Amino acid sequence: MDKRLLEEMIKVIDRHFHVQELNHLLKACMDDKIQSKSIWGEITLTVHEMLEGSSPYIDKLAAYIELLMLASDMMDDLADQDNTSRPWMNISTPIALNAAAALLIAVTGECAELREQHPHLPLPANGDIHRMLTRAANGQHQDIRGQAIHSEEDYLALVLQKSAPLMQLAFYMGYSSVESCEDTTKLQLDQMAEYVAIAAQLHNDLHDLIQFDVKGDLFDKKRTFPILYLLDQCSEQHPVFYEYYEGKLSLERLKEMKEACLQAIVQSGCIEYTRVVQGLYVHEAEKIVEAIPGQPEGKRQFLQKVIAPYRKF
């Protein structure tokens with residue numbers, strides 16, 4: 001991570017959290033996020049540079065998005081009770097929830113204060129930030145409640161509710177501080193963010209499925225994109241998954257069949273199918289990159305840093 005972003009993130013934590021234990025906890029969570037190679041701030045910076053932006057506060061905005069996504073990840077993991085190696089998952093839930101909520105409040109306050117201090121400059125509006133965060137919260141609520149997903153359309157609708165607003169927020173923090181960014185370009189970037197979010201989610205779903213004994217999608221009977229394919233297209237060839245989801249096979253028995261399950265996943269075609277669909281969304285995002293205004297080098301950097309990770313599994 002860029003040293004400038006790291007310094008800005010530390011400044012926010014030090015400015016708002018004088019209770020030593022809370023301050024140290026948030027810095028430990030921040031360090032863990034950095035170690036996981038978080039790219040949210042990089043997305044904001046790259047969007048800004050692609051549009052030939054020159055905001056003196058872009059490092060702050062990129063740091064803000066990193067902290068907002070940290071708070072979001074903390075709440076998401078606490079709700080799903082997964083990623084148990086994370087620092088916030090190894091302390092009491094009330095303390096972790098308080099830390100996540102406090103960080104969210106601190107960062108949105110920083111955004112509002114920056115805009116108030118520089119009313120003549122193009123900067124993100126808190127109303128827009130809150131709108132995207134609450135859209136994601138609505139999607140998260142549906143996911144926690146186990147919204148019925150019976151088809152690919154249901155799945156994609158949930159991704160657009162839960163994940164896409166956060167990707168749009170990272171894009172927004174980059175383009176909202178570019179004075180010359182036209183409304184039509186903003187709409188194109190919002191659309192591109194949806195495509196990237198879907199591609200990223202499909203990418204994550206595949207990784208989670210391959211590591212199903214570590215990640216809980218399959219154990220929790222979630223219907224992610226590749227799992228839908230397994231259940232809908234392979235119930236006769238590989239009935240083990242269908243039987244588990246129907247309650248005819250126990251979790252313990254499924255774990256005992258790990259090697260057979262992994263072989264069935266590889267043979268089913270769900271990996272190839274998901275990759276193809278992922279590639280379609282990547283292609284749509286690339287088409288928008290070509291269409292929007294911006295310098296060629298900035299576009300090349302954007303494609304390399306934001307799009308390329310999802311071109312392949």
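I take buried to mean under 20% relative accessible area, exposed to mean over 50%, and partly exposed to mean in between, with a 1.4 Å probe and protein chains only. By that rule Asn-126, at 17% relative accessibility, counts as buried.

**Ground rules**

The model I am reading is predicted, and in it local features need pLDDT of at least 70 and side-chain atom pairs count only at pLDDT 80 or more, while totals for chains, interfaces and linings use all residues. Residues are numbered from 1 along each chain as its sequence is written, and side-chain values use heavy atoms, with hydrogens and water left out.

**Entry: Asn-126**

I placed Asn-126 in helix α6, residues 126-144, where helices are DSSP runs of H or I with at least four residues, strands are runs of E with at least two, and both are numbered from the N terminus. For contact I used heavy atoms within 4.5 Å; not counting residues up to four places away in sequence, Asn-126 touches Thr-108, Cys-111 and Ala-112. I then looked up the polar atoms of the Asn-126 side chain and found one 3.0 Å from the backbone oxygen of Thr-108, and one 3.4 Å from the backbone nitrogen of Ala-112. A polar contact here is a pair of N or O atoms within 3.5 Å; within protein, one must be able to donate a hydrogen and the other to accept it, and residues adjacent in sequence count only if both atoms are side-chain atoms.

**Entry: Ser-177**

Is Ser-177 buried or exposed? I read 4% relative accessibility for Ser-177, which counts as buried, and I located this residue in the loop between α8 and α9 (183-210). The Ser-177 side chain makes a polar contact with the side chain of His-48 at 3.2 Å, and the backbone oxygen of Gly-174 also lies 3.2 Å from a polar atom of the Ser-177 side chain. Leaving aside neighbours within four places in sequence, I list His-48, Ser-55, Ile-58, Leu-61 and Pro-122 as the residues in contact with Ser-177.

**Entry: the two domains**

The protein is divided into domain 1 (1-178) and domain 2 (182-312), with bounds that come from an automatic or database domain assignment. Taken over C-alpha atoms, the domain centres are separated by 22 Å. I noted 27 residues of domain 1 in contact with 34 residues of domain 2. The two domains bury about 2700 Å² between them, 67% of it on carbon and sulfur atoms; buried area is the accessible area (1.4 Å probe) that two parts lose on being put together, summed over both.

How many salt bridges does the rule find across the interface of domain 1 and domain 2? It finds one, with a salt bridge defined as a side-chain nitrogen of Lys or Arg within 4 Å of a carboxyl oxygen of Asp or Glu. I also recorded a salt bridge between the side chains of Lys-305 and Glu-42, at 3.1 Å from N to O. On the side of domain 1 that touches domain 2, the elements giving two or more residues are α3 (40-50), α7 (152-162) and α8 (164-175), and the largest share, six residues, comes from α3.

**Entry: salt bridges elsewhere**

The structure holds 17 salt bridges, and I followed several of them. Lys-11 forms one with Glu-8, the closest N and O atoms being 3.9 Å apart; the two residues are three apart in helix α1, so about one helical turn separates them. Lys-11 counts as partly exposed at 41% relative accessibility, whereas Glu-8 counts as buried at 13%. Glu-8 also forms a salt bridge with Lys-60, with closest N and O atoms 3.3 Å apart, and this pair links distant parts of the chain, Glu-8 in helix α1 and Lys-60 in helix α4, 52 residues apart.

For Glu-286 and Arg-311 I read a salt bridge with closest N and O atoms 2.7 Å apart. Glu-286 lies in helix α14 (residues 270-291) and Arg-311 in the segment after α15 (296-307), so the pair ties together parts that are 25 residues apart in sequence. I also noted a network of salt bridges linking Asp-2, Arg-4 and Asp-59.

**Entry: a backbone angle**

Lys-37, although not a glycine, has a positive phi of about 60 degrees. I found Lys-37 in the loop between α2 (20-35) and α3, exposed with a relative accessible area of 68%.
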